[in-house]
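User: Could you walk me through a few local features of this model? I'd like to take them one at a time.

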Amino acid sequence: MRWHQKEISQVIEELGTSLNGLSQTEAQKRLEEYGPNELQEKEKKSPFIMFLDQFKDFLIIVLICAAVIAGVVGKPIDALAIIAIVILNAIIGFIQEYKAEEAMAALKKMAAPKSTVLRDGVPSNILASEIVPGDIVLLEAGQIVPADMRLETVNMKVDEAALTGESVPVEKHIAPLRDKHLPLGDRKNVVYQGTIVTYGRGVGVVVATGMETEMGKIATMLQEEKDVKTPLQQRLAAFGKRLAIAILVICAIVFTAGLMRGEPVTLMLLTAISLAVAAIPEALPAIVTIALALAAKKMAKQNALIRKLPAVETLGSVTYICSDKTGTLTLNKMAVEEIWMDGKLEKGSRVQGVEWSNEKTLEPLNPRTLESLFFTALTLSNDAQVDADGNLIGDPTEIALFNIARDKDFDKKELGEKFPRVTEIPFDSDRKCMTTIHKTGVRSRESGEKAEFISFTKGAIEVLIEQADNILASEGLKELDKNEILKISEGMAADGLRVLGVCMRRWDAMPDDISPENIEAGLTILGLVGLMDPPREEAKEAVALCKTAGIKPVMITGDHPLTARAIAKRLGILDDDTRAVITGRELEKVSLEEFEERVEHIRVYARVAPDQKLKIVKALQDKGQFVAMTGDGVNDAPAIKRANIGIAMGITGTDVSKEASSMILLDDNFATIVRAAKEGRLVYDNILKFIKYSMTSNAGTLWAIFLAPFFGLPLPLLPLQILWMNLLTDSLPGLALTAEPAERNVMKKPPRHPGEGVFAHGRGFYIVKFGLVIGITALLFQAFAIKEGMPWQTMVFTALVIGRMAVAMSVRSDYDSLFKIGFFSNKPLLGAVLLTFTLQMTVVYVPFLNPIFKTEPLALSELMVTLALSAVVFFVMEIEKLTRRKKNV
């Protein structure tokens, strides 16, 4: 129903109620019909099912199969190690998902606990859950609105930021609105469940309760939206499937080739199984989890709190950041941006820089009187107050006016004592202005008479200009040029400013008639003031960095299009392309097909409704984009949950938005998102480095065992040696790679394409190519050692282990030489390499381990030859990087 379009009498008639409210009998009947005024939750998954869901990932299933096989063939230690990794992974995933289900509970907390309604014409204080459609509810400042209501009588302001994104409290009225397509924020005669009355009081007729309210519709969307898999989860799932198929094929070939050469069936079966276990990077889930956890810890210190670990990497993949304006891109604090006075317009920082007079004189012919009157008006015609802790409290606009006057040394306490307020005419939406009257005791030099009182009026200039007789300039009173002032006002509004006029009138004595018609007539205009919630300085730098990194920033706000456009231009989000701005009303009229054609070019959305935010996210995702969505209100929660990464505000954010999010900004700052995106890219880069290191090393072992029969050589490694090498080299060096610092170009390249797999950009070819280099080099070394009568198996075994350390050092950068980035720039990796070398030497030189691993001590010359072979692998990889640098690839 479009309740905002109807007359209040029509609403009352359609709902079958009256201004005296419902009877207790009728209310009880409706409660049974409509149900309690509560948000209903859908049936949740049990914790047990939630835990079992963690084992559905394909790579996890492959690891479980590998563990079973390892246990069957008598490798219990390997089996237990793999199972431990799988269970740890499941526990972490379960905790994250369990916490994410708390969003609905937070939403329910926003409902008002008790409310005052009229029942049988008598005010009754009842539970908000007992309110039904047709109830007459009494509202006053400080209350949470308990249901959606069409207002019947009103003189109040409502904070709707959590629902609509409107940055300032909304002045309400009761007149019907004819436009049926009005967004929620413009329906000034309706109040919504969960919003807060900040000023005044009113009476409303309940038109919707429970899940039928706008809050309920958001709850429904929140429940219907399923979590979207992160890029990392998608890539690792695809990687696991391809890897499992490749390993099974290779192991089958190795097993068959061995049998054809006459090798024992048991030996070849154990070798094939050992190869399968070794080829699977079982440390990958642990490496990923630890890399994400370390990054999350680092990001928390940078004011980005990670709620869901995979979100860390997702940040590195985002192609669009859809950000709320208020508080994220802006300071969430109204400030005076422009002042027009005495025919001059001062803008931006110049407002602060101008040497305004701070003479507290109200003498009409003093050369500084205009400035003094102007700032005195801002100070005294103002209800903002300083509390006991020194904090300013009051309407955001009045706080901004208070601040600019205080900055010019106009102290409210001092001026209030000198020119005490006698009475006031409060602001209302019909007059669009407010007036205060002060006792001055100042003698007018013009008439020689004592002017005892002065009134200051501030409000909408288009209203005040009709009540004004003249304008004050430095040379005195001047004739009023209405067209000129309106032109100035329109220019300020075009800059996205909220424009207020400031006027005065002198009184010889306190007027008997203090009606608005008498007091707010015959005014003298002092000047205009333009206010805005200004953009953050660091946000401008962050937007520029986004563009460099190929990330497109988009502003989504409930504010006016002019304000949104002005802020977006100042931040660099928007150029002069008018097609890049769209309002909620325009979006409602656009078909889905047309919107999806335009969505990648739109940079600013103004006056949007909650379901439209969700529509924006879905449209971008349908175009193959990865979307980060920020927000602080209840209205943002469904879109936050649907986005590839949802980001809630830590300071201004509601519990609902926080529970639906993957990440919380502790400082509500857009720049923090960009810093977090850099960390996300670093995490994924380091995971790729581990995959490249692990798979290249494993490929070397596979090639050596696979090709040995074709060279007429015996198997270079025994099953236990394969498993030892895998256990030794995948763990510590792999973990140390997660500590690798960011490369210099991490934020100068575009985001990874959403469809890009882990083998993209030649990584698959790199793994095969250098795996082949390692495998063939090992076989040539094996042939040489056999010919020279050396302990060839120990030498090949050791060469492959140390060769893996050479690979780990080389893959630290895709482009730069290890000698440039430095051996000590990743000390954990250096320590892991030294420890791995020490443990391998223990297997070679400790006597009681020789029969277990089938090794024998190497002479110094044999060890030197083995180490030299490992160095060959390292230098081949470094030469390949040098070639690429010269080609500038």
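Predicted model: local features only at pLDDT ≥ 70, side-chain atom pairs only at ≥ 80, totals over all residues.

User: Is A400 buried or exposed?

Analyst: Its relative accessible area is 3%. Buried means under 20% relative accessible area, so with 3% A400 counts as buried.

User: What distance separates the C-alpha atoms of A400 and A384?

Analyst: These two residues are 16 residues apart along the chain.

User: Where does D409 lie, and which residues form a negative surface patch with it?

Analyst: D409 sits in the loop between α16 (396-407) and α17 (412-418). With a relative accessible area of 45%, D409 is partly exposed. The residues that form the negative surface patch together with D409 are D411, E414 and E417.

User: Which helices each supply at least two residues of the nonpolar patch?

Analyst: That surface patch is formed by I290, L294, L732, L735, L835 and L839, with about 440 Å² of accessible area together. One of these residues, L735, lies in helix α30 and counts as partly exposed at 30% relative accessibility. The helices that each supply at least two residues of the patch are α11 (284-301), α30 (732-737) and α34 (827-845).

Methods
Residues numbered from 1 in each chain as written. Heavy atoms only, no water. Patch = residues over 30% accessible without salt bridge, like charges linked within 9 Å, V, L, I, M, F, W, Y side chains within 5 Å. Areas by Shrake-Rupley, 256 points an atom, 1.4 Å probe, with all protein chains shown as cover. Salt bridge = Lys/Arg side-chain N within 4 Å of Asp/Glu carboxyl O. Lys, Arg positive; Asp, Glu negative; His and termini not counted. Charge placed at Lys NZ, Arg CZ, Asp CG, Glu CD. Helix = DSSP H or I, 4+ residues; strand = E, 2+ residues; numbered from the N terminus. Buried < 20%, exposed > 50% of the residue type's maximum accessible area, 1.4 Å probe, protein only.
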